Amino acid sequence: MTQRLTQAEVRRLLRGPKYHAVRTTCAAGHRHSSKFESRVCNRLQLECAESGATLFIGPSYPLLALAPDAKGKAQTWRPDFAVWKDGRLARIVEAKGKVTRDFTLRLQAFRATYPGVVVDGVTT
């Protein structure tokens, strides 16, 4: 006899990360949304320890080049990592398995709002 599933049960079984990412913890104990992002964090931790820079994970930056949203708030972008050196934002690192249209648009808005900041898009 076959068992029938309800729509709610099917949705629950099919729900999961869009690109099949697995949440992982890096060597420093930070939780990341994918194994790839965790490996990038490990590499950046070593680079920052050698150069004396500071690594921030998941900072939020307002995108002033874009119009405010429907509620009047500035739209923001949360890159995966930001590296600060000598009290200034040195570079942004974004770990991407797949470059999406939304990422490209936000990257253009970030570069228009913060000219001179290097943005590294690390892809698999």
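Buried here means under 20% relative accessible area. The model is predicted.

**Exercise 1.** Determine what share of the 124 residues in the chain is buried, and describe the accessible surface.

*Solution.* Apply the cut-off of under 20% relative accessible area. Buried residues then account for 30% of the chain's 124 residues.

**Exercise 2.** List the order of the elements and decide whether the chain is as compact as the globule rule would give.

*Solution.* Begin with the count: three helices and eight strands. Read from the N terminus, their order is α-β-β-α-β-β-β-β-β-α-β. For 124 residues the globule rule gives 14 Å, whereas the radius of gyration is 18 Å, well over that value, so the chain is more spread out than a compact globule. The C-alpha trace spans about 70 × 40 × 20 Å along its principal axes.

**Exercise 3.** Check the length of helix H2 (residues 35-51), then identify its buried residues and what covers them.

*Solution.* At 1.5 Å a residue, the 17 residues of H2 should span 24 Å. The end C-alpha atoms lie 25 Å apart, which agrees. Now turn to burial: in H2 the buried residues are Phe36, Glu37, Ser38, Val40, Cys41, Leu44 and Cys48. Their cover includes strands S1 (24-25), S2 (31-32), S3 (54-57), S6 (81-85), S7 (88-96) and S8 (118-123). Finally, look past the helix end: Gly52 follows H2 and has a positive phi, near 85°.

Notes:
Residues are numbered from 1 along each chain as its sequence is written. This is a predicted model: local features need pLDDT of at least 70, side-chain atom pairs count only at pLDDT 80 or more; totals for chains, interfaces and linings use all residues. Side-chain values use heavy atoms; hydrogens and water are left out. Helices (H or I, at least four residues) and strands (E, at least two) are DSSP runs, numbered from the N terminus. The radius of gyration is taken over C-alpha atoms; the globule rule is 2.2 Å times the number of residues to the power 0.38. Buried means under 20% relative accessible area, exposed over 50%, partly exposed in between (1.4 Å probe, protein chains only). Accessible areas come from the Shrake-Rupley method with a 1.4 Å probe; for residues, only the protein chains shown count as cover. The expected span of a helix is 1.5 Å times one less than its number of residues. Contact means heavy atoms within 4.5 Å.
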